[in-house]
Amino acid sequence: MIGAESGSDGSATASSGVAGGSTAGATGDGAINPVPSAGASVVGATSPASSTAKPAASAPSCAAGAAGITGWGDRGGNASMRRRLRKRRAARSAARAGNHAPPPGKSCRRAASLVAHQPRRSWHAGCDPGPERIRQRGSSRMSLLGSMTTAISGLTAQSRALGHVSDNVANSQTVGFKRVDTNFTSWLTRSTLRLHMPGSVEARPDYTNTVQGAIEQVENPLAMAIAGQGFFSVAQSRGGTIGNPLFDERQFFTRAGDFALDRDGYMVNGSSYYLEGWRMLPTGEPDRTALAPIRITELVYNPVPTSRIDLAANLPFNVPQVAAVPAAAPWAPAEPPVSSVLQIFDALGNQRQVTLDWWKLDDDTWRLRITPAGDTLAPANGRFVDVNFGGVISAGPPAVTAPPGTVSSIVPLSATTGTVPAPLAVGDPASLGFTADYGFGNQDISLRLGGYGVPTGLTNYAGTEYGVRDLSQDGVPLGAYSGVIVRENGDVAVNYDNGQTRIVARVPVVAFNDPDRLQRLDGQAFMRTVESGEARVTDAASNGVGKLVTGAVERSNVDIAGEFSKLILAQRAYTSNTRIVTAADEMLQDTINMRR
């Protein structure tokens with residue numbers, strides 16, 4: 001107790017430390033009340049005549065002098081009094097509101113009549129603050145300012161939606177572009193059955209990488225579009241020298257198939273991405289173990305010497321046979337033959353002429369003379385062979401016989417070879433061989449006559465004219481590059497002016513489990529992410545991927561009419577949010593003006 005002493009009779013006395021000064025008593029609420037003089041009674045203190053005295057804690061009084069307590073005139077005593085009064089007020093407030101840390105298993109002490117009086121500190125988790133406290137707290141913290149911040153988040157979201165619309169409209173004619181829609185997501189501050197506080201909204205991009213754009217035919221033979229799911233695998237250059245670019249080790253993907261050859265022979269699209277594919281093995285199959293940028297370097301097709309001649313013709317049965325059949329060299333009969341001429345190629349690609357002369361020896365046998373023009377070997381007895389029809393193919397057992405009019409045996413006579421190995425059944429290849437030399441070494445040539453016992457090559461049916469159905473060879477002259485095309489299966493074929501075609505690579509299609517989760521990059525390109533899944537590289541039109549459409553490109557999947565509709569909605573929503581901000585600002589101004 002400050003400024004009070006208790007006598008042995010239970011009375012309390014007070015005195016003033018300053019003559020003519022005033023004393024003060026402490027009220028129950030902690031306020032200091034002035035009194036008229038030092039000899040007057042102190043408010044809240046008992047008089048000497050009282051038989052009982054109230055506890056000093058409930059009604060403190062002031063005393064000075066004899067007890068050695070600092071008087072009211074002392075500044076130190078006033079400061080001590082004020083500190084103790086503040087502690088008492090805080091204790092009484094806590095007693096009304098409840099404990100901030102109740103003992104385990106016990107609830108908070110809180111007077112029901114004092115619910116409206118709440119401390120500024122947050123209520124601890126062990127007690128239920130009650131609906132009144134919730135309503136007061138929410139209404140004071142999240143009313144006008146909450147409405148304003150929510151509207152501001154709406155402005156931000158609608159501005160982002162407008163940005164998506166503007167990006168889509170700007171790229172409405174970009175090859176392979178995929179539009180970006182807007183997905184609005186709400187975020188809550190607090191929402192219960194009794195209270196909902198305004199939150200915010202966020203505009204997130206909604207990608208449409210799986211939505212097909214319109215496929216348009218173009219005049220570029222290297223342009224490609226994917227009808228269905230999938231992407232082209234492409235690479236990006238990161239420097240290097242002319243003719244030897246260095247490629248980024250990362251793998252990129254795109255739907256922009258407007259590819260064309262650059263100066264170095266690479267297939268590059270309009271965004272400078274290099275098309276990747278499988279290189280072809282010598283066996284003619286693609287190497288599916290690695291992807292590499294496709295480059296056209298085979299600008300010359302080297303000459304290929306003739307090694308095979310295919311003849312499909314009918315030797316006429318209704319023509320007279322020769323008068324005398326030579327049984328030894330010279331093997332040529334005296335009568336004029338029926339002939340055919342074939343062009344072949346030597347090792348340097350020079351065109352050479354080969355003449356085939358036929359004589360009818362009897363109803364089932366014809367004699368053939370082969371004469372290569374310019375041949376340096378020039379055997380003295382020429383190159384002769386007899387061809388029999390409708391006889392025994394193989395003696396067996398069991399014996400195999402050819403039907404009439406079909407080849408049954410080939411008998412070499414001079415500077416020729418027969419069928420190796422010997423035929424055993426109907427349908428075995430019927431061929432003979434000879435050798436020529438055009439100054440670059442021996443050139444072995446095989447003359448294919450179809451099959452034994454089948455009418456697929458050389459026959460001997462009724463007729464009076466020698467009819468040639470097919471006379472071809474596999475030699476190729478020197479060829480120069482004339483163009484490159486992409487086939488529907490993805491094969492990149494180089495065409496040459498000698499009529500030949502060479503397959504240099506195959507374009508695969510890459511698929512993902514979730515293409516909409518790919519990372520978007522500049523130039524309509526994408527990059528794999530963890531969310532998109534692993535890249536699956538496969539042939540076109542297989543394993544769930546789309547097919548290739550050559551000579552075409554995929555346009556943007558942006559719908560101008562739909563984008564303008566989104567534009568109107570975003571504009572109206574933005575304007576509405578500005579009205580909310582304006583109204584909240586005016587109401588806050590009215591609240592501030594209440595103090596005037």
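**Close-up views of aromatic contacts**

Tyr-496 is buried, at a relative accessible area of 4% (buried means under 20%, exposed over 50% and partly exposed in between, using a 1.4 Å probe and protein chains only). This is a predicted model, in which local features need pLDDT of at least 70 and side-chain atom pairs count only at pLDDT 80 or more, while totals for chains, interfaces and linings use all residues. Residues are numbered from 1 along each chain as its sequence is written, and side-chain values use heavy atoms, leaving out hydrogens and water.

View 1. Rings of Phe, Tyr and Trp (its six-membered ring) pair if their centres lie within 6.5 Å; planes under 30 degrees apart are stacked, over 60 edge-to-face, and the rest tilted. That rule gives nine aromatic pairs. Phe-231 is in the loop between β10 (224-227) and β11 (232-241), and Phe-526, 295 residues apart from it, is in strand β36 (residues 525-527); strands (E, at least two residues) are DSSP runs numbered from the N terminus. Phe-231 is buried at 2%, and Phe-526 at 3%.

**View 2. Tyr-301 pairs with Tyr-496.** The ring centres are 5.2 Å apart and the planes at 65°, so this pair is edge-to-face. Tyr-301 belongs to strand β18 (residues 300-301) and Tyr-496 to strand β32 (residues 491-496), so the contact ties together parts 195 residues apart in sequence. Tyr-301 is buried too, at 14%.

**View 3. Four rings form a cluster.** Here ring pairs link Phe-231, Phe-253, Phe-512 and Phe-526.

Key. Helices (H or I, at least four residues) and strands (E, at least two) are DSSP runs, numbered from the N terminus.
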